[in-house]
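Here is a brief report on selected local features of one protein model. Please view the model alongside the text.

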Amino acid sequence: MTSGIETEIDRIGPSEAEPVGAALTLDDVSVTFGTQVAIRDVTMSLPAKQVTTIVGPSGCGKTALLRAINRMHDHTGGVVSGRIALGDLDLYGPGVRPEFVRSRIGMVFQRPNPFPTMNIFENVVSGLRLNGVRNKKLLRQAAESALHHAALWDLVRDRLNEPAVRLSGGQQQRLCIARALAVEPDLLLMDEPCSALDPVATGKIEDLIGHLASHITIILVTHDMFQAARVSNQAAVFLMGDDRVGELVECGPVTEIFDAPKDPRTKAYLSGRVP
């Protein structure tokens, strides 16, 4: 999206500067916390520059999986096994640092979380600054580009020095999306990004997801089946096993998953017969 940023970020480590494709593959991925298994044996391949929606009941490991992809369990005591690869890059491979992974994979959370002590501009470029980018021209270009992609530039172009918390809830969420996009990631993770928004703001975020999917691979977690049907190319259904451990039940094109699921458990869940 912006030029020159990746060159700056590549300074993080020469062993990590290999080309990265956007497609994501997971092979036998499990996440455990002590003796508790949150999710197990997940194997799937997510196509590049499409939206894959993860659906399933609360507690089945959807968020745990997103956090595993973004190396966030490095700080929570969670243990990730199996292999997660972004293109040819093994995200847990030797010499691959979490900071580099997060520069390639952005994440947007349930509730807008702009940094309260920063203005709008500082929020957008905060990730770039953490990655060592100091060039003011590059930072300005990156902020403008990211805000354009988040459909926010026209609203804030004259307000960049205002506190980010003065924005509405929907605008704050789009600001958080812009912050994630500023580092030009290959993959964007979105964990129920509309759960705290009203229908109008939700519609804007959905329109934004559709626009972004032509540029970036997106994984969206949602409980809204209508939203999943509206914005997704592919869907993955997660349910609780008999031992209350989250597991992948079925993954495929969204029309097939919703209209003609192969697994009876998927059909039962989508029809409301699985709590």
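The model is predicted.

**Strand E8**

Strand E8 spans residues 217-221 and is mostly covered, with five of its five residues buried. Thr217, Ile219 and Val221 point one way from E8. Ile218 and Leu220 point the other way. E8 pairs with two strands, as tabulated here.

**Gln227**

Gln227 lies in helix H9, residues 225-231. Is Gln227 buried or exposed? Gln227 counts as buried because its relative accessible area is 3%, against a cut-off of under 20%. Its side chain makes a polar contact with the side chain of Thr222 at 2.9 Å. Leaving aside residues up to four places away in sequence, Gln227 touches Cys194, Thr202, Glu206, Leu220 and Thr222. Leu220 is also a residue of E8, where it is buried.

**Helices H4 and H7**

Helix H4 covers residues 120-130 and helix H7 covers residues 169-181. They pack at an angle of about 35°, and their axes are 6 Å apart. The crossing of H4 past H7 is right-handed. On the H4 side, the contact involves Ile120, Asn123, Val124 and Ser126. On the H7 side, Leu175, Ala178 and Arg179 meet them. The residues of this contact divide into four nonpolar, two polar and one charged.

Technical notes:
Residues numbered from 1 in each chain as written. Predicted model: local features only at pLDDT ≥ 70, side-chain atom pairs only at ≥ 80, totals over all residues. Heavy atoms only, no water. Helix = DSSP H or I, 4+ residues; strand = E, 2+ residues; numbered from the N terminus. Buried < 20%, exposed > 50% of the residue type's maximum accessible area, 1.4 Å probe, protein only. Polar contact = N/O pair within 3.5 Å; in protein donor to acceptor, adjacent residues only side chain to side chain. Contact = heavy atoms within 4.5 Å. Axes fitted to C-alpha atoms, helices over the stretch in contact; angles between N-to-C directions. Left-handed = near helix turned anticlockwise from the far one by under 90°. Nonpolar A, V, L, I, M, F, W, Y, C, P; charged D, E, K, R; others polar. Pairing = 2+ DSSP bridges.
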